[in-house]
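Below are some short notes on the model, for reading beside the coordinates.

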Amino acid sequence: MKGRIPKKNGGSVVKGNKKRGTNKSSIEHDPFFGSDSKKRRKLGYKDEDIDSGESEEENGLDLSALENGDEEEDKEELLDETAGEKRQRVAKTYLEKLRAITRKQEEEEDEEGDDRGYEREGERDSLVAQKLLKQQLEESGRLRRTIASRIQKPEDVDRFEILVKHRQSVTAICLSDDDSRGFSASKDGTILHWDVESGKREKYQWPTDELLKTHGAKNPEGRATKHSRNVLTLAVSTDGRYLASGGLDRHVHLWDTRTREHIQAFPGHRGPVSCLSFRQGTSELFSGSFDRSIKIWNVEDRAYINTLFGHQSEVLMIDCLRKERVLAVGRDRTMQLFKVPEESRLIFRSSTSSLECCRFIDNDEFLSGSDDGNIELWGIQKKKPMYIVKNAHALLADLKNPDQEDNGRILNGHLGGNYSSVYSWVSSVTVCRGSDLAASGAGNGFVRLWTVESAKGIQPLYDLPLAGFVNSLEFSKSGNFLVAGVGQEPRLGRWGRISSAQNGVALLRLKHQ
């Protein structure tokens, strides 16, 4: 597939005899960085350059996001820099940053009278290595962070605050990888780019139909006379450079987040584009549609890659982590895990209802929400849910007053009777990646936080009042805040309405112990 660099098992011969400038840093003494790199245009890797059996994409270290600009005199060298030399340079920069942070912490401890300072540089490097290993295990999903137990119970003043307002129902939100910026879209086609701290927003301008055609868009099909602006889904790349949007016009639109300009339109789907997801750390984009297919794109090359088939009805939601795997749910009562390199898939069946949303917890476990109000915890080793919370968003009041609170009472989710309605559908779920903290939303007047553990299943944590249909949810990477996209109507239709709700993006800051 495009974008993949093959690994070489044997040593390679390096052409040229011009050495690069030496670095006087202490890293030069490390044998890992002791090899003399040469300028070359062909890729060559030695066996000793590979320190782990996993690829950088799978072990969770995204070194490409840590690049910094070099000085003017190094520009000519960077032009001839190979991929291996680039990774080595970025790794050195990252290690120096970690060492500087560790050194600063030691200085602060010394100022407070703590005599536990390190006497040797090697001990500091050992601490840096431990931090790197812990970060790798957390991001790859092999070590789950404990966040839920440290979240303090929200007080009466700790409520969702409307950060950004929209005219119509918000259908999708997403956060940049550093959690500093957010993006939201609504049914009227408005796409907003906003700052998480200040709430300052900027609007994306749709191009004319003539400009859309030059960017690759095809003429509208069916009864439509022009391209619909109704946006159903958003996704932002890991490096924060590209924003992808999809909607009723059956195209995947690509935007430049720096200029907020439209740069490409990908045709090919025969139905509305209902979901998008970038593969972490890459330029690969997955798109799901009502035409029952999932397509793969390379946004860097502006190219189509492949199409995945398997669902027998509309694809409603997809999710992807760092591996070449995509998780998808549809109205055919199945959740499917597509393994792209192996060209295979795993099918997980829901016995009672249509699955509306899904999220990876890590590479081996995932959550789903259904239109009967249930939330399911799945494992890759079983075809049936490991744990089910029934009636997770049961109505607490009459539908004419959906804003009524539950006076702080936490329901266990296992209520008798039939509470299923359009207001209790689980319309969105989200997970703080690599942790035990999850959240779900519906139209019954609150967002619910959950503790997810493999041994104990899904346990209720807190209820957070929020009026309206919660069409999208996102945690920050640190778990410090939760963002919700709220609307008066559901994301994919108009079969319900809560007139008292405020269309917009709501933010809740979570306090940790």
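1. Contact here means heavy atoms within 4.5 Å. Among contacts in the chain between residues at least 6 apart in sequence, 55% join residues at least 24 apart.

2. The model is predicted: local features need pLDDT of at least 70, side-chain atom pairs count only at pLDDT 80 or more, and totals for chains, interfaces and linings use all residues. Residues are numbered from 1 along each chain as its sequence is written, and side-chain values use heavy atoms, with hydrogens and water left out.

3. The chain has four helices and 28 strands (DSSP runs numbered from the N terminus; helices are H or I of at least four residues, strands E of at least two). Of its 513 residues, 50% are buried (under 20% relative accessible area; exposed is over 50%, partly exposed in between; 1.4 Å probe, protein chains only).

4. The largest nonpolar core has 40 residues, of which Phe286, Ile294, Ile318, Met335, Leu367 and Ile375 touch the most other members. Such a core is a set of buried Ala, Val, Leu, Ile, Met, Phe, Trp, Tyr and Cys residues joined through side-chain atoms within 4.5 Å. Leaving aside residues up to four places away in sequence, Ile375 touches residues including Leu367, Tyr387, Val426, Trp450 and Ile458. A second, separate core of 22 residues includes Val447, Leu466, Val470 and Leu508.

5. Strand β28 (residues 504-509) is largely enclosed by the rest of the structure, because five of its six residues are buried. Strand β1 (residues 161-165) runs antiparallel to β28 and is joined to it by four bridges (strands pair if DSSP finds at least two bridges between them). Ile162 has Ala506 of β28 as its bridge partner. Strand β27 (residues 481-487) also pairs with β28 in the antiparallel sense, over six bridges, and Phe481 stands opposite Arg509.

6. Four strands form an open sheet in the order β6-β7-β8-β9, with antiparallel pairing. Its edge strands, β6 (231-236) and β9 (261-266), each pair on one side only. Five bridges connect β8 (residues 252-256) with β9; Trp255 has His262 in β9 as its bridge partner.

7. Asp463 lies in strand β25 (residues 457-465). Asp463 counts as buried because its relative accessibility is 13%. The side chains of Asp463 and Arg448 are joined by a polar contact of 2.9 Å (a pair of N or O atoms within 3.5 Å; within protein, one must be able to donate a hydrogen and the other to accept it, and residues adjacent in sequence count only if both atoms are side-chain atoms).
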